[in-house]
Amino acid sequence: MERWKRRLMERPPLLLLLYFPLLILGQPPRSHDFLLKLNATAGSFVQLSDWHPTTYHHSSSSNWTLSLDFRTNISSGLLLYADDHTKRAFLHLRLQSSQLECRLQTPSAADQSINAAGLTGDAQSVRVGHDLNDNQWHTVVINKRANVVVVRLQTSSQGEEVRERLTLPASGKTFDGPVKMFVGGLPGDYSVHFNELAAPSVVFEPRFNGMIKSVFYNTENRESLPQLLKQAWVEREILPSLCEAGKL
């Protein structure tokens with residue numbers, strides 16, 4: 001036994017070296033996932049930590065991934081809204097007539113479609129899936145590579161994956177800076193200051209009624225679960241950490 005202990009100290013296993021910082025510092029700060037229960041109450045929303053999908057040196061060609069799981073028995077509602085607060089670029093994810101719709105407007109597209117009133121023109125959009133109000137879990141994964149955005153929907157009840165794609169302007173740029181992230185609805189302040197948004201009409205969207213979990217977006221080439229900054233009229237449940245689930 002003593003000889004084994006000496007060998008362990010002289011040549012510690014690789015796993016021990018990798019996880020020694022965790023033993024000292026505790027669990028990784030963003031290893032926990034959460035389940036959000038939303039009931040479409042007036043004023044209900046969740047704001048997550050800012051998304052930084054671009055990198056400093058390669059902002060025009062950065063790749064990114066955004067994903068979430070949702071479950072509902074309602075046919076329409078706002079799932080997620082991302083806005084870089086330049087009034088030019090946004091990503092809008094919603095249920096519309098039991099289909100998933102993704103709307104995306106980039107800075108380049110906005111610049112090309114400014115009209116006389118100073119408002120931006122139409123965003124690109126795609127719809128995928130059907131009968132998504134079946135009260136089963138569905139997974140949305142949006143991948144941006146170069147100037148192509150692929151929207152994938154995995155349905156647990158129908159056992160299939162469907163996808164659509166959007167082609168961006170040649171630069172492939174999607175946002176100009178830090179992106180505000182909202183789930184299920186927007187804060188009530190925006191009902192008055194909706195002109196601060198790139199897509200003002202989003203404030204009139206029906207709020208989401210159902211459950212959302214596993215929201216993920218990579219930030220500046222780092223992969224982490226987002227932090228929950230603000231919420232109103234939403235129940236939150238902490239899900240098992242990655243360590244507890246055996247994934248770390």
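Student: In this predicted model, how many bridges join strand S3 to strand S8?
Tutor: Strand S3 covers residues 64-71, and strand S8 covers residues 138-145, the two running antiparallel. The number of bridges joining S3 to S8 is seven.

Student: Which residue in S12 is the bridge partner of Leu66?
Tutor: S3 is also joined to strand S12, residues 209-217, in an antiparallel arrangement with five bridges. Within S12, the bridge partner of Leu66 is Tyr217.

Student: How many of the eight residues of S3 are buried?
Tutor: Buried here requires a relative accessible area under 20%. By that criterion strand S3, which has bridges to S8 and to S12, is mostly covered, and the count of its buried residues is seven.

Student: Which residue in the turn between S5 and S6 has a positive phi?
Tutor: Strand S5, residues 90-96, pairs with S6 in the antiparallel sense over seven bridges, among them one in which Phe90 has Gln105 as its partner. The two strands form a hairpin with two residues between them, and the turn residue with a positive phi, of about 55 degrees, is Ser97.

Student: Which residue in S7 is the bridge partner of Leu100?
Tutor: Strand S6, residues 99-105, has six of its seven residues buried, and it pairs with strand S7, residues 124-128, in the antiparallel sense over five bridges. The partner of Leu100 in S7 is Val128.

Student: Where in the protein chain is confidence lowest?
Tutor: The chain averages a pLDDT of 78, with 71% of the residues scoring at least 70. Confidence is highest in strand S4, residues 77-83, at 97, whereas the lowest mean, 36, belongs to helix H2, residues 14-25.

Notes:
Residues are numbered from 1 along each chain as its sequence is written. This is a predicted model: local features need pLDDT of at least 70, side-chain atom pairs count only at pLDDT 80 or more; totals for chains, interfaces and linings use all residues. Side-chain values use heavy atoms; hydrogens and water are left out. Buried means under 20% relative accessible area, exposed over 50%, partly exposed in between (1.4 Å probe, protein chains only). Helices (H or I, at least four residues) and strands (E, at least two) are DSSP runs, numbered from the N terminus. Two strands pair if DSSP finds at least two bridges between them. pLDDT is the predictor's confidence in each residue, from 0 to 100.
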